Amino acid sequence: MLCTRLTNANILTMDPDHPVARDLGIWRGRVVGVDEAVTSLPAREVVDLQGATVLPGFIDSHVHLSWAGLKARTSSIAGLTRVEEVLRAVEEAATRGGGPGSWVSVGGYDQRVLGRHLTAAELDRVGHGRRIFLMHDSGHACVVNTAVLDLLPADVPHEDGLLVEGAMGAVRKLRLPYSQAELADAIEHAGRACLAEGITACAEAGIGGGLLGHSAVELGAYQLLRDEGRLPLRVQLMPGGDTLKPVRTHEHDGIPRALDLGLRTGFGDDWLSVGALKIYTDGGMMARTAALTEPYEGMEHTGQLQDDPDRLTDLIVDGHLAGWQLAVHAIGDRAADLALDALEQAQKARPRPDARHRVEHAGLIRPDQLPRFARLGVSAVVQPNFLRCFGDDYADVMGERRAPWMYRGRGFLDHGVTLVGSSDRPVTDGSPLRAVQFMVERTSVSGRPIGPDEAVTVDEALRAYTVAGAYACRWDDSAGVLAPGKRADLVVLGDDPRRVAPSRIGGIEVVSTFVDGREATGEARP
């Protein structure tokens, strides 16, 4: 007997052997079959979907759940466009916080809407003796007041309280780590927001280290959620590259750096597992720190790498030698050159044909770099909503010649590169459907075309958030399609993305989300 049979549905299975179905059978969290294979089988529950569209649950291959959940519960200056308004909001947050010397975090900071960065002196005037920390929305910069600067080593660079990339990391290290209980609550909150958008699985892009690690024992927060039955969706965890440490191993193993006990990609189960090793090579476009081969339009700099190129290359090679799948953050084309060079060097040192290494973001990729992605078998994990939300600004700072190279779609597919959809939540909108709309239209929210030749079809965009996401996360044996033996993770939509006008795709209602064959809720616990 089936546990559940979904019937009277428009099921887009993403399975080329049976692409569209009407009925789907579920038993113990797995798909048993579709249509005639299950139509006559008895079921404990029969759900009539009244013609609704069903897809495999969306996979967001690059998110920051901890940061998203914490940000949602932090004072924010998002939406404020005048310096005076921002300073008043910071002052209100400071007076609501603890006594002098306590930390006050404020989110939603973006200098672009203000026309300039705030300064430490300005924050001093409204800080009332607190330590003020304004996190840039990109995750690659912050602004702090003098009370924080006084705690930093003298060699940490800053410009009037603005710290970027590694310097920002020095500020974060000053603070006590978040507790596992705090992180667990934040993760649950963000996970339920994902469910409400049809996402059933995601990859957490960096824990325990890097720019966005929140605790040296951050993995324990996810285990706590799992133990308490509160983990809302399936999660794959990417340890930060700096969590590796030199190890003494047998010479035949050839492993120079590793996590304790040799833990690496693949450890875990269907609900919680260790994924790729996250390695940062550069910054971001929002903060103007993505590493480019030519200067930003109208500026005199080309961004920056996170570290000495040789040290970054060594880390990438060592991660490969230790058996990791690698997720290399590279937004600018100069950073992509470094990433591709290092991955090629790693594969020559120890060939691993199914390593499935990934370049995270691939924000600006020159035409000559596309064949290298394909030759090396590297997936491109892009964030379409970056251009939907920020495309006007990004196109301006890249200039007319380079703007069409940003967050490509068609270029990757035409070269045989696996195109993977993701959000980088909470940097911007996390909705897969709105991302799919952009991938098809290549139009920003203002209506400006952004690289229209990079548009893909609706089916190709949906594949990026299902089949390709499963491949990039090494879940393709169990997820990404609705076929016998696969997980019964699916999303029910109020309309068919293939049949509506592209401009309506982002507004399609997410009726319900099923994880493990059961309807899940996007509502947070009371």
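Author: Let us begin with a rule about accessibility: a residue is buried when its relative accessible area is under 20%, exposed when it is over 50%, and partly exposed in between, using a 1.4 Å probe and protein chains only. The model is predicted, so local features need pLDDT of at least 70 and side-chain atom pairs count only at pLDDT 80 or more, while totals for chains, interfaces and linings use all residues. Residues are numbered from 1 along each chain as its sequence is written, and side-chain values use heavy atoms, with hydrogens and water left out.

Reader: What makes Y471 count as partly exposed?

Author: Its relative accessibility is 27%, which lies between the limits of 20% and 50%, and therefore Y471 is called partly exposed. Y471 sits in helix α16, residues 467-472, where a helix is a DSSP run of H or I with at least four residues, a strand is a run of E with at least two, and both are numbered from the N terminus. Leaving aside residues up to four places away in sequence, Y471 touches D354, R356, S379, T418 and D476, a contact being heavy atoms within 4.5 Å.

Reader: Why is N10 called buried?

Author: The relative accessible area of N10 is 10%, and because this is under 20%, the residue is buried. N10 belongs to strand β2, residues 10-12, and its contacts beyond four places in sequence include V20, G51 and D496.

Reader: How do you know that α12 is roughly perpendicular to α14?

Author: The axes of α12 (residues 384-402) and α14 (residues 432-441) come within 8 Å and cross at roughly 80°. These axes are lines fitted to C-alpha atoms over the stretch in contact, with angles from 0 to 180 degrees between N-to-C directions. Angles under 35 degrees count as roughly parallel, over 145 as roughly antiparallel, 65 to 115 as roughly perpendicular and the rest as oblique, so the pair is roughly perpendicular. The contact is made by P384, N385, L387 and R388 of α12 with R434, A435, F438 and M439 of α14.

Reader: Why is the sulfur of C389 too far from the closest cysteine sulfur for a bond?

Author: A disulfide is a pair of cysteine sulfur atoms within 2.5 Å, whereas the sulfur of C389 is 15 Å from the closest one, in C194, and is therefore too far. By this rule the count comes to zero disulfides; C202 is in none either, with the nearest cysteine sulfur, that of C194, 5.3 Å away.
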